[in-house]
Amino acid sequence: MSDLPVLVLRTAGINCDEEVVHAWQKAGAKPTLLHVNAVADKPSMLEDFRIVTIPGGFSYGDDIAAGTILAQRIMQDLLQPMKELVERGGGILGICNGFQVLVKTGLLPGGDAGRDKVTVTFNDSAKFEARWVRLEVGTDHCPFLTPAEDRGQQEYLEMPVEHAEGKVVTASEAVLDKLGHAGQIAVRYVDGDGSYDRYPANPNGSVGGIAGLCDPTGRIFGLMPHPDRHFEHTHHPQWTRRNPQGPPNGLTVFQNAVRYWRG
Amino acid sequence: MCCKDPEAKRRWRVRVRARSPQLDGHGRDVLEDIRQIGLEHVEAVMSSKLYFLAGVLAEDDVRLLAQELLTDPVAEVAEVGQGFSFREDAHPAVEVHTLSGVMNPVAQSTLQAGRRMLQRQADGNADLSNVWTARRYEVLGAKNAEELREIATRVLANACIENWYIQGFDRNDSVPAEFPTPPDRPFSLRYVAIRDLDDAELTRLSRDAHLFLSLKEMQAIRDHFTELDRDPTDLELETLAQTWSEHCVHKTLKSEIDYSGDDFGLEGKVELHFDNLLKDTIAAATSKLDRDWCLSVFVDNAGVIAFDDEYGIAFKVETHNHPSAIEPYGGAATGIGGCIRDVMGCGLGAKPIASTDIFCFAPPDFDASRLPKDVLHPRRILKGVVGGIRDYGNRMGIPTVNGSIYFDERYLGNPLVFCGCVGLIPRNRIDKKPNTGDRIVVAGGRTGRDGIHGATFSSAELTDTHADEFSHAVQIGNAIEEKKLLDAQLLARDHPSGCLHSAVTDCGAGGLSSAVGEMGEQLGACVDLEDVPLKYAGLRYDEIWISEAQERMVFAVPPERLDAFLALFAEEEVEATVIGTFTDDRVLRVRYDGQTVGELDMRFLHEGVPKTVRRATWTAGECKARIVGASAGAPAITSGSERILRELSSVNTASKEWVIRQYDHEVQGRSVIKPLCGPDYGPSDAAVLRPRYNSKRGIAIACGLCPQLGDVDPYWMAIAGVDEVLRNIVCVGGDPACTAILDNFCWPKVDTEESLGALVRACRGASDAALAYGLPFISGKDSLNNEFSMSKSEAERTGLPQQIAIPYTLLISAVGMIDNVERCITADLKDPGNCLALASAPVDRAGLEQAKALHDRIARMIASGKVRAAHDVSDGGLAVTLAEMCIASGFGATVSIHDEAVRGALFEPLATTYVLETAQSDAEANGFAVIGRIEREARLYIETGDAGKIDLPVADLADAWRRPLAHGGGR
């Protein structure tokens with residue numbers, strides 16, 4: 001079994017690269033951290049990787065809007081090579097700012113949706129907010145997520161959101177319905193009563209409680225919450241009063257990917 | 001921004017707004033603020049962003065930029081038009097532009113991204129030469145132009161950094177039709193004729209030129225230049241003023257002092273002489289303790305202690321008070337930015353892994369009609385400061401993990417903003433030394449006319465005219481510039497061929513003058529100012545030299561490593577420029593276009609400050625008066641239950657969740673104990689981090705602050721602060737035998753024997769506690785002259801004293817080691833049925849030994865897993881401690897207190913006192929009083945005898961505790 005080669009992109013203002021690299025290592029992959037300029041200079045290097053990860057942060061300060069400038073950078077030089085990576089069976093993971101970038105390039109929701117069906121914009125509160133959320137998995141064909149039959153007791157995923165622009169908005173109700181039917185709403189915020197809409201369980205006012213999306217193949221996955229901040233049991237805000245079973249929720253995202261792509 | 005652009009043929013504007021009111025969160029936020037200042041009839045605010053574009057641009061080019069770059073296709077719509085100044089709004093509006101020379105990161109990013117986009121176009125003829133931005137707010141329901149003016153000045157704009165324009169009703173201000181242009185100041189070398197000045201003229205010069213030097217210091221400078229037989233240049237005078245400023249040299253704390261007055265913690269009077277107050281107290285404690293894990297103390301930009309065999313932990317805490325008073329958002333942001341650079345400038349560079357923030361403000365419900373002229377309302381300061389820390393820290397990717405807010409009316413005109421930063425540094429990167437021949441390299445942001453006179457400004461007292469006079473000292477930060485700089489610096493530090501630089505320091509107060517002057521102190525340096533990269537043309541040489549433009553570091557780079565260094569920074573898109581060389585003649589030589597504009601002997605610069613001997617005194621009982629009556633009064637209390645609700649809802653005790661959640665406290669994935677704990681989010685005593693992912697070793701970070709005791713005796717205030725910080729460290733599982741502390745003094749003017757006596761007492765208290773508890777100080781900083789003065793008529797109008805001095809304030813910060821983070825505990829109650837124990841020791845000077853034994857014993861119990869929850873007794877007393885433990889957990893408790901002394905002080909903060917959740921046998925084995933039991937039912941019952949019992953559902957306690965600051969004290 002060879003190491004799974006994963007590319008982790010960084011640029012000015014990306015600031016979760018260190019923990020994303022570590023989470024991939026802990027899950028058994030072999031991550032390489034590169035500046036987006038270095039990859040844009042030689043896009044063919046994407047052929048050496050099975051997965052591209054765009055970590056969280058404030059790329060280029062989130063000036064204009066979150067993820068906009070990095071999305072432009074990717075659309076100029078890397079969009080086609082990234083699409084080809086996915087066509088070859090590879091995957092893309094975008095976390096927080098990385099998810100915003102994937103949406104603003106149109107890689108999510110992907111398929112034939114284009115860039116004008118879905119966006120990520122300011123939270124209803126209009127400010128940055130940090131809190132732990134509970135996620136319900138809404139798809140069985142995203143290799144980053146454990147399918148229903150294997151979830152067992154692990155009904156929900158817990159991890160933190162930390163963002164100001166995480167509200168997912170669709171251009172219409174029809175777009176939302178279509179995403180739901182296609183199984184592209186990969187993860188939703190949910191409270192104890194099963195509601196997707198109530199604050200603070202839904203921390204930003206996302207429609208349909210959308211916390212993350214995958215493309216029609218399932219291999220492009222992006223989410224606002226941070227699996228890279230729950231790779232140890234001591235990351236959980238209540239760890240001093242729990243006896244957790246199984247791996248930390250965030251780590252499972254990386255482990256699932258390693259299992260799927262390493263075969 | 002370059003503003004002279006002969007190529008520019010056209011001017012375009014793009015206006016972007018939300019597609020629907022639901023998507024205009026910023027507009028809603030502004031509306032809330034407008035209603036908070038009393039304009040409740042305002043119905044709605046519609047915000048829009050304005051981009052002004054210049055260059056060789058066709059309409060299609062502008063439309064491309066508008067649609068593909070500036071507008072979100074789902075959430076926003078754009079309008080494009082020619083010219084800058086045309087607006088057509090159905091509603092009255094306020095428009096806000098940043099002043100020339102003020103940092104505008106969005107404009108910079110848009111310019112770069114827009115250029116790249118246009119270059120990719122097939123025809124490729126378009127050129128974007130300049131971008132500027134503004135914000136516009138349509139206000140629905142405002143009654144007249146006067147209300148718009150009020151909204152502009154009190155909510156939307158700060159005149160120090162912004163211009164605002166009103167369009168509506170009878171007003172139609174013309175908005176700028178051109179880019180803001182900073183003034184051009186042509187070169188002409190200026191000398192200051194100081195040799196013939198008498199004392200009165202020297203004093204006037206010091207004040208008029210904003211030097212803030214004492215007469216004695218001005219005389220020393222006059223005599224020095226008389227000896228040299230020449231006049232100083234303005235640059236030389238400025239350099240001396242910056243280097244000798246209180247902010248940079250701490251001349252009061254290092255002065256020679258004769259103290260006579262009350263003894264320290266003992267009965268009777270005493271007379272003492274200090275050769276150097278700081279050295280003889282705080283630094284002496286550290287050297288007496290002589291801990292081998294203290295790796296670098298009081299010599300570098302931050303103190304460093306050992307973490308493990310390979311790494312050290314650096315810690316620095318700074319204040320940014322005066323800038324935060326005038327422009328809270330920018331002041332706080334550049335405060336945390338500067339403290340982060342201190343950590344980057346520690347050794348050859350530490351990687352920042354956590355920030356702390358502690359604020360002292362006037363209460364958020366302060367009567368707005370009694371606000372002195374040009375003083376911002378405390379609620380606006382709170383919101384602005386929190387926003388500044390949030391936006392800078394979050395963008396840097398440094399978690400803000402610990403903090404506190406203390407409210408007192410005397411902070412009204414002079415709020416305090418403490419910013420701390422913790423870094424991780426390889427132990428073989430702690431030593432640094434520039435060498436003769438090393439190139440002086442400035443890297444990071446460009447130099448502009450921002451932050452001129454910050455060091456001297458912070459060394460002066462604030463007055464009601466300072467907002468006008470010192471607006472140039474106020475700045476806006478650009479966190480991403482600093483993040484890039486950090487990335488590049490760490491790559492240079494860890495370069496495979498070895499560290500590429502031999503020394504580094506941050507460009508903070510005093511700008512290049514301080515950074516180069518300090519680095520070259522033992523060597524000498526020669527700098528060519530025309531080589532410094534500028535934000536815009538027209539800066540005079542002295543402006544370049546003392547500008548405190550943010551996000552810059554100065555490196556010493558050996559010539560043979562220069563190419564590699566510059567190449568690495570270029571790859572990271574960080575500008576790095578050689579501006580001079582370190583020499584060997586101990587002269588600081590500054591040139592501009594080949595002409596010498598300054599030549600100072602390093603010995604005079606660094607050792608020439610005249611020493612003073614000052615007298616200090618202190619007599620008990622001289623309590624400082626508070627300003628009372630300006631905040632909402634409290635109704636009389638009838639029962640214990642009412643009392644506890646009032647204590648929980650006092651702003652000093654109340655939940656700071658509204659603040660905490662705006663900070664990213666988990667980025668970098670090192671978090672172990674967060675600022676809020678338990679399923680229902682109670683307060684944590686300290687933060688815990690795991691600095692290295694693959695090690696279970698951790699650090700605890702905490703603060704202690706007791707200004708309320710300073711009115712009685714600063715000696716005990718200091719001891720209480722040290723005691724509080726240690727309890728906070730111990731409560732989460734930190735090791736008291738391996739904990740280091742930092743001091744930050746914020747004092748009013750130290751111009752009387754009494755205020756100096758107060759400082760002496762605080763220093764002695766801090767050092768006595770440090771020695772008794774075995775906690776070495778590793779770094780510290782002081783900020784004096786924290787006073788606000790207003791005109792007599794303003795004082796009469798507001799009913800406030802003409803001169804308001806802040807309370808004596810000493811912040812103690814601590815970092816403690818933890819062997820295994822999996823042994824850490826939190827304050828939330830864990831298991832119904834467990835008992836609650838009260839552990840306390842007497843606090844007097846003789847009793848500090850007993851107190852130390854108690855801290856150590858509790859730490860051992862926690863380390864051996866015998867304590868499930870621990871919380872210290874501070875603001876609000878034992879009752880509030882118990883309530884907070886219940887609130888955090890959702891469980892209840894039944895408590896009965898037999899000890900008369902404790903019963904009588906149920907709501908008083910107690911030093912050296914803990915509440916523990918433990919087994920009855922463990923409590924008894926350690927001689928702790930068992931005071932109650934944890935109950936599954938969420939109800940707090942405290943039997944208090946005469947004080948009346950407390951019997952309340954935990955939900956009521958939680959509500960009282962959460963409500964006051966739920967929206968920044970707004971509702």
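**Note on the predicted model: chain A fold, chain B strands and domains**

1. Chain A has 8 helices and 11 strands, where helices (H or I, at least four residues) and strands (E, at least two) are DSSP runs numbered from the N terminus. The model is predicted, so local features need pLDDT of at least 70 and side-chain atom pairs count only at pLDDT 80 or more, while totals for chains, interfaces and linings use all residues. Residues are numbered from 1 along each chain as its sequence is written, and chains are lettered from A and ligands numbered from 1 in the order in which they are written.

2. For the 263 residues of chain A, a compact globule would have a radius of gyration near 18 Å, and the 17 Å of chain A agrees with this; the radius is taken over C-alpha atoms, and the globule rule is 2.2 Å times the number of residues to the power 0.38. Along the principal axes, the C-alpha atoms of chain A fill a box of roughly 50 × 45 × 35 Å.

3. In chain B, strand E37 (residues 892-896) pairs with strand E39 (residues 929-935) in the antiparallel sense over 4 bridges, and E37(B) is joined to strand E40 (residues 939-943) of chain B by 4 bridges, in parallel; two strands pair if DSSP finds at least two bridges between them. B:Val895 has B:Gly932 as its bridge partner in E39(B) and stands opposite B:Ile942 in E40(B).

4. Chain B is divided into domain 1 (10-172), domain 2 (199-253) and domain 3 (825-971), with bounds that come from an automatic or database domain assignment. The centres of domain 2 and domain 3 of chain B, taken over C-alpha atoms, are separated by 55 Å.
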